[in-house]
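User: Could you take me through the packing and pairing in this model, one question at a time?

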Amino acid sequence: MGRADHCCSRHVCACPQLDLSYTELRAEGAKALAPAIRDSASLTDLNLFGNNMGEEGGAAIAESLKYNTSLVRLKSSFLGRTGCEVMAEALQVMMRHHRSS
């Protein structure tokens, strides 16, 4: 994961900003990163743009966002159809989190 190593350890992202744009993250990398995103209480800005995460990777990232209550900015692309569907669900959940806090 390279650039994420200093921010994400033991499956938790401790940095407020994480830019993994154009790092060839792919599906496996996205699935490995998803638990850290899910459990982070400090990540507010996540850039995954330019990574071809595909259906599985996009869905894993999107699913993790349903449980993350700190993220306010996300840049992403190439999620695939399933990833986009799960992302739409995740965004609805995130909006409810932000409205209730």
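Predicted model: local features only at pLDDT ≥ 70, side-chain atom pairs only at ≥ 80, totals over all residues.

User: At what angle do helix H1 and helix H2 pack, and are they roughly parallel or roughly antiparallel?

Analyst: Helix H1 covers residues 26–39 and helix H2 residues 54–65, and their axes lie 8 Å apart at an angle of about 5°. Angles under 35 degrees count as roughly parallel. H1 and H2 are therefore roughly parallel to each other.

User: Which parts does the aromatic pair of Tyr22 and Phe49 tie together, and how far apart are they in sequence?

Analyst: Tyr22 and Phe49 are arranged edge-to-face, with 5.9 Å centre to centre and 70° between the planes. Tyr22 counts as exposed at 58% relative accessibility, whereas Phe49, with a relative accessible area of 36%, is partly exposed. Because Tyr22 lies in the loop between strand E3 and H1 and Phe49 in the loop between strand E4 and H2, the pair ties together parts that are 27 residues apart in sequence.

User: Which strands are the edge strands of the open sheet?

Analyst: The open sheet has three strands in the order E3-E4-E5, with parallel pairing, and E4 pairs with E5 over three bridges. Pairing on one side only marks the edge strands, which are E3 and E5.

Definitions and conventions. Residues numbered from 1 in each chain as written. Heavy atoms only, no water. Axes fitted to C-alpha atoms, helices over the stretch in contact; angles between N-to-C directions. Helix = DSSP H or I, 4+ residues; strand = E, 2+ residues; numbered from the N terminus. Parallel < 35°, antiparallel > 145°, perpendicular 65-115°, else oblique. Phe/Tyr/Trp six-rings, centres within 6.5 Å; stacked < 30°, edge-to-face > 60°. Buried < 20%, exposed > 50% of the residue type's maximum accessible area, 1.4 Å probe, protein only. Pairing = 2+ DSSP bridges.
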